[in-house]
Amino acid sequence: MRDVRAGLLPWVLPAAAFCGAFVPAALPGAQPYGYVAALAGLPAHPPAAYVPAAVVGLLAASAARAVPGRLWPLLALALADAVLRAPGLLLAVASYAAATALRRPVPLALYTVPASLVAVIPQPGAGLASALGGAPLFVWFPLALGLWAGARRQVVAGLRERAWRLEREQAARTEQARAQERARIAREMHDVVTHRVSLMVLRAGALEINATDDRTAAEAELIRVTGKDALTELRAVLGVLGEEGGDYRPQPTLADLDGLVEQSRSAGVPVERHEEGDPGALPVMVQHTAYRVVQEALTNIHKHAGRAATQVVLRHLPAALQVDVRNAAPPEPALDLPGGGSGLLGLRERVELLGGQFTAGAQPDGGFLVSVRLPT
């Protein structure tokens with residue numbers, strides 16, 4: 001509805017100008033062109049006035065279409081019409097247009113004075129009192145109405161600009177508050193998680209140095225390396241989460257998948273990796289998401305399935321990458337490691353963000369399957 005009104009507004013003034021020139025000629029008793037017709041002794045019947053009134057109306061509509069860029073053709077035509085015929089609606093339309101288009105007092109006064117004089121010129125058959133009422137009716141009142149409309153338009157434009165500015169400022173403040181909150185969360189995570197993981201790495205390093213047998217030293221080295229990698233990734237995440245200028249390290253891709261699988265094997269989980277199809281050139285985000293899927297699935301296996309046999313299968317399809325991580329039933333009760341229960345939910349959101357499909361659930365043989373299809 002608002003678009004329809006906006007499209008009709010530019011045609012309101014031209015339509016009013018045409019009606020102002022043509023309608024008086026169609027009234028009963030109208031002269032072809034009153035003042036000139038009376039001097040020439042022409043008969044007073046409306047059909048003689050239709051054609052010139054229609055021509056003047058079309059000219060007035062064309063002139064009104066150019067307002068406010070070119071106002072003088074409409075004003076000149078309205079003044080000429082008032083002299084040759086009689087002051088009427090066309091002069092009122094011109095007065096309204098002058099009030100809305102002329103911003104400075106001097107040009108507005110230069111129009112108002114001659115328009116008022118033309119409006120009070122006595123016409124044939126009209127009394128002095130009727131002539132004196134032409135200026136207030138066809139000049140002053142439309143001028144006042146146009147000034148009010150122009151002032152209202154300026155107020156509305158100012159309010160819209162102010163609302164737009166306030167909206168921009170509110171958006172900037174919201175973004176600033178969001179950035180500050182992200183930086184605060186990053187600092188909290190750095191103070192809590194990084195400190196404890198660093199302590200774990202240091203203790204593992206000390207255990208590796210003081211180990212009395214090779215197996216214990218190897219396990220301590222694995223813990224130390226895993227904790228160091230976790231610190232590296234944590235700092236990268238905190239750099240993205242916190243303030244600008246953080247450490248934006250490359251995110252892991254499928255090229256790092258062998259190292260991830262080897263870590264699980266070192267922890268005692270028998271993992272087999274299979275890859276089918278031609279890898280081709282995969283997008284980095286797809287590779288990173290596939291890596292995170294395998295990482296989270298193996299982490300859940302460590303928590304809930306212990307040393308269960310696991311298969312990691314990557315299938316390179318024509319337009320997608322299929323990632324399946326399946327583990328058999330746990331051979332023995334696994335360690336009761338703490339978990340937030342949001343790992344699979346986060347994976348689902350990450351996969352669906354790329355337009356992929358995510359499924360996860362228990363299998364009839366007692367195992368568990370995580371299956372993801374990522375469009376490439």
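User: What makes the contact between R165 and E161 a salt bridge?

Analyst: In this predicted model, the closest N and O atoms of R165 and E161 are 3.3 Å apart. A salt bridge requires a side-chain nitrogen of Lys or Arg within 4 Å of a carboxyl oxygen of Asp or Glu, so the pair of R165 and E161 at 3.3 Å qualifies.

User: Why are R165 and E161 said to be separated by about one helical turn?

Analyst: Both belong to helix α8, which spans residues 134–210, and because they are four residues apart in that helix, about one helical turn separates them.

User: How do you know whether R165 and E161 are buried, partly exposed or exposed?

Analyst: R165 has a relative accessible area of 38%, and E161 has a relative accessibility of 46%. Buried means under 20% and exposed means over 50%, with partly exposed in between, so R165 is partly exposed, and E161 is partly exposed as well.

User: How many salt bridges does the structure hold, and what makes the contact of R265 with E262 one of them?

Analyst: The structure holds six salt bridges. The side chains of R265 and E262 meet at 3.6 Å, N to O, and since the limit is 4 Å, this contact counts as a salt bridge. The two residues are three apart in helix α10 (residues 257–266), which means that about one helical turn lies between them. With a relative accessibility of 37%, R265 falls between the 20% and 50% limits and is therefore partly exposed, and E262, at 41%, is partly exposed too.

User: Which parts does the salt bridge between E276 and R315 tie together?

Analyst: The side chains of E276 and R315 meet in a salt bridge at 3.3 Å, N to O. E276 lies in strand β1 (residues 271–276) and R315 in strand β2 (residues 310–316), so the pair links parts that are 39 residues apart in sequence. E276, with a relative accessible area of 39%, is partly exposed, and R315, at 29% relative accessibility, also counts as partly exposed.

User: Why are α4 and α5 called roughly antiparallel?

Analyst: The axes of α4 and α5 (residues 89–101) come within 9 Å and cross at roughly 150°. Angles over 145 degrees count as roughly antiparallel, so α4 and α5 are given that description. The crossing in which α4 passes α5 is left-handed.

User: How are α5 and α6 oriented to each other?

Analyst: The axes of α5 and helix α6 (residues 105–119) come within 11 Å and cross at roughly 165°. That angle makes α5 roughly antiparallel to α6, and their crossing is left-handed.

Methods
Residues are numbered from 1 along each chain as its sequence is written. This is a predicted model: local features need pLDDT of at least 70, side-chain atom pairs count only at pLDDT 80 or more; totals for chains, interfaces and linings use all residues. Side-chain values use heavy atoms; hydrogens and water are left out. Axes are lines fitted to C-alpha atoms, for helices over the stretch in contact, and angles run from 0 to 180 degrees between N-to-C directions. Angles under 35 degrees count as roughly parallel, over 145 as roughly antiparallel, 65 to 115 as roughly perpendicular and the rest as oblique. A crossing is left-handed if the near helix is turned anticlockwise from the far one by less than a right angle, and right-handed if clockwise. Buried means under 20% relative accessible area, exposed over 50%, partly exposed in between (1.4 Å probe, protein chains only).
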